[in-house]
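Subject: Structure handover

Hello,

Here is the structure I promised you. Please open it first, then read my notes below.

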Amino acid sequence: MEPQLLHDVTDAVATVVVHHPAKRNAMTAEMWRALPPLLEHLAADPGVRVLVLTGAGGTFCAGADISTLREAPQEAQGLAVLAEEALAAFPKPTLAAVRGHCVGGGAQLAAACDLRLAEAGALFGVTPAKLGIVYPASSTRRLVSLVGPATAKYLLFSGELIDAERALRTGLVDEVLPDGELGKRVAELTRILTSRSQLTQAAAKEFADGRTDRDAHWAGQARGSGDTAEGVAAFLERRAPRFTWSVPASG
């Protein structure tokens with residue numbers, strides 16, 4: 001099978017799989033180009049409430065396919081940034097499910113997700129210093145926001161890999177699961193996320209990502225949505241809520 005991004009939608013969860021096992025799921029230029037339109041398609045699907053990004057087999061993503069950097073390194077880096085920003089802008093909750101190596105461009109993609117769950121034994125690294133590449137400013141800021149300046153500098157200066165436990169301590173990942181338990185935990189968490197109010201999630205995502213000009217917008221959405229009344233009624237009646245607000249196709 002050619003290097004590609006695979007996807008399916010099951011029970012309101014879209015799963016995108018980085019599939020390039022011959023090179024530990026390294027991203028080719030074609031794969032970087034394919035990610036933004038795929039995300040746009042999934043964002044517009046009202047049947048999608050959560051997105052999971054993962055890698056085929058036992059590896060998340062070993063970064064960019066280095067052979068693409070020899071010919072046009074700046075173009076390849078630009079494609080990676082566009083894909084990263086498209087993932088960060090996805091209007092619904094996103095979760096990276098990490099096994100094995102999550103390195104370079106793979107770490108960029110994981111950092112662009114809202115949440116990161118890793119299996120014990122996963123390894124993380126940000127490796128431009130090994131290649132003489134200037135890491136993009138936007139990607140650097142996103143990394144700093146997750147792990148703080150000191151850890152970001154360690155990762156960027158050294159290019160060394162860190163294990164899942166250190167990634168957890170520094171905030172690079174949110175949970176570390178024992179071997180064989182990652183899939184079960186991802187399924188459990190996505191069931192929780194798909195049962196919650198999309199209105200709350202969409203507003204929280206914007207606010208947490210630093211948007212400061214949409215308070216009035218979200219207040220209006222809340223007034224007209226009916227989600228608050230439904231949530232309160234469901235709580236008092238001791239039943240599961242039936243939230244109806246959904247993310248508009250335009251995001």
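Start with Gly132, which is exposed at 66% relative accessibility. Here, buried means under 20% relative accessible area, exposed means over 50%, and partly exposed lies in between (1.4 Å probe, protein chains only). Gly132 sits in the loop between strand E7 (123–125) and helix H5 (137–158). Helices (H or I, at least four residues) and strands (E, at least two) are DSSP runs, numbered from the N terminus. Pro149 is 17 residues away from Gly132 along the chain, and their C-alpha atoms are 20 Å apart.

Some ground rules. This is a predicted model, where local features need pLDDT of at least 70, side-chain atom pairs count only at pLDDT 80 or more, and totals for chains, interfaces and linings use all residues. Residues are numbered from 1 along each chain as its sequence is written, and side-chain values use heavy atoms, with hydrogens and water left out.

Now helix H7 (residues 182–195). Its 14 residues reach 20 Å from first C-alpha to last, close to the 20 Å expected at 1.5 Å a residue. That expected span is 1.5 Å times one less than the number of residues. Which residues of H7 are buried? They are Leu182, Arg185, Val186, Leu189, Thr190, Leu193 and Thr194. Down the axis of H7, these buried residues fall within an arc of 160°, so they line one face of the helix. The arc is taken over the directions from the helix axis to the C-beta atoms. Lys184 and Arg191 are exposed on the other side of H7. The buried residues of H7 pack against several elements, including strand E2 (13–19), strand E3 (50–55) and helix H8 (198–208). Contact here means heavy atoms within 4.5 Å.

Most residues other than glycine have a negative phi. Ala12 has a positive phi, near 70°. Ala12 lies in the loop between strand E1 (4–10) and E2, and is buried at 18% relative accessible area. Arg24 also has a positive phi, near 50°. Arg24 belongs to the loop between E2 and helix H1 (29–44), and is partly exposed at 45%.

Last, Val232. This residue is in helix H10 (residues 227–237). Val232 is partly exposed, with a relative accessible area of 47%.

Best wishes
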